[in-house]
Structure formats: C-alpha cells, structure tokens
Amino acid sequence: MQLNGQVQFRHPTAVIWSALHDPEILRAAIPGCESMTLNGEGSYDVVLRLGVAAIKGEYTGHVAVEDVVPQSHYLLTAEGSGTPGFVKVQMDCKLDPTEAGCRLTWDCSADVGGMIAGVGGRVLGGVAKLLAGQFFKQVEKQLAQVRA
C-alpha cells in the first residue's frame, strides 16, 4: 500500500523537527500509543492499541529513524505485530520552510498482513490517512501546550 501527503505547520522548521524527534511529544501524538521506549539514537520500541473497523488489538514493534539530514529529511522504518496481524512501514519525510512556518511532505510504503489486511486496501488506506491526520493535529496541540 502506498500513501503520501503534505502537512502545513504554523511553526518554523527547527521547532517541528524538534517535535517530531521528541519522545514525549510523539508518545502523546501517536494514536493508540501505550508506550514508547528509546533504545538508542533514533530507535524505539513501541506498544500501540489500535483498531481498524471491527479488528482491534495491541501491537508491539520497533521504530527507527535513519538517513537523517537535520531539519530537512529522515526515513522512518517501523515493524509491528499483534494478534490482528502485522505492519511494515517505510516513510520518507521531508521538511521545507514556508512563509507561514514549514511543510512536511511524506511518502509511505506499507505492507500489511493477517486479519487487518482482510479489511481491504480502500478502507485501510482511508484509516491510515485518518490516523496520520490525527497524529499531525496532536503534534500541533502538543506544541501549543509546551509553548503555553
């Protein structure tokens, strides 16, 4: 499954870059995140509790941030599995400054298996876009709370 999108943030690139690499902000912003443990530079173990349609479950996995060009680009890789199935994700993220703040452009490739794959690409793609939108809104909310 291929997904992509763009998000316009009201904050400068340095602020968004910092937020997207802050474990506390990420833990609060990632939908269904139960825990997120830093293993080393840019590597995390995560536990998520999510549901797609009637298929709900807990996923444990590993996330790594690679190919980092500070305040400009990174590659996020993630693998997780649980009773409902498995997910493998590779997401290319690029930040560009704009007059109003900065823009994040992302391009994601995901492999999904198990019961969750049975939901179907059209529904699953829509749910993935919804979760991405929730994540980016929560990043903005977390930044507003930190800066208040």
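Helices (H or I, at least four residues) and strands (E, at least two) are DSSP runs, numbered from the N terminus. This is a predicted model: local features need pLDDT of at least 70, side-chain atom pairs count only at pLDDT 80 or more, and totals for chains, interfaces and linings use all residues. Residues are numbered from 1 along each chain as its sequence is written, and side-chain values use heavy atoms, without hydrogens or water.

**The cavity**
- The count is one cavity of 30 Å³ or more; a cavity is a set of points on a 1 Å grid over the protein atoms alone where a 1.4 Å probe fits but cannot get out.
- The largest cavity holds about 1,100 Å³ of space, a volume being the space filled by probe spheres set on the points.

**Its lining**
- Lining residues have an atom within 4 Å of a point.
- There are 42 of them for the largest cavity, and Ile30, Leu48, Leu76, Ala78 and Val89 are the closest to its centre.
- Helix 3 gives the most to this lining, with seven residues.
- Elements that give two or more residues include strand 3 (43–52), strand 4 (55–69) and helix 3 (121–147).
- The lining has 35 nonpolar residues, six polar and one charged.
- Nonpolar covers Ala, Val, Leu, Ile, Met, Phe, Trp, Tyr, Cys and Pro; charged covers Asp, Glu, Lys and Arg; the others, Gly among them, are polar.

**Histidine 73**
- Histidine 73 sits in strand 5.
- The side chain of histidine 73 reaches the backbone oxygen of aspartate 67 at 3.2 Å.
- Beyond four places in sequence, histidine 73 touches Trp17, Asp67, Val68, Asp92, Cys93 and Lys94 (heavy atoms within 4.5 Å).

Notes:
On a 1 Å grid over the protein atoms alone, a cavity is a set of points where a 1.4 Å probe fits but cannot get out, and a pocket is an open set with protein on both sides within 12 Å along at least five of seven lines; lining residues have an atom within 4 Å of a point. A polar contact is a pair of N or O atoms within 3.5 Å; within protein, one must be able to donate a hydrogen and the other to accept it, and residues adjacent in sequence count only if both atoms are side-chain atoms.
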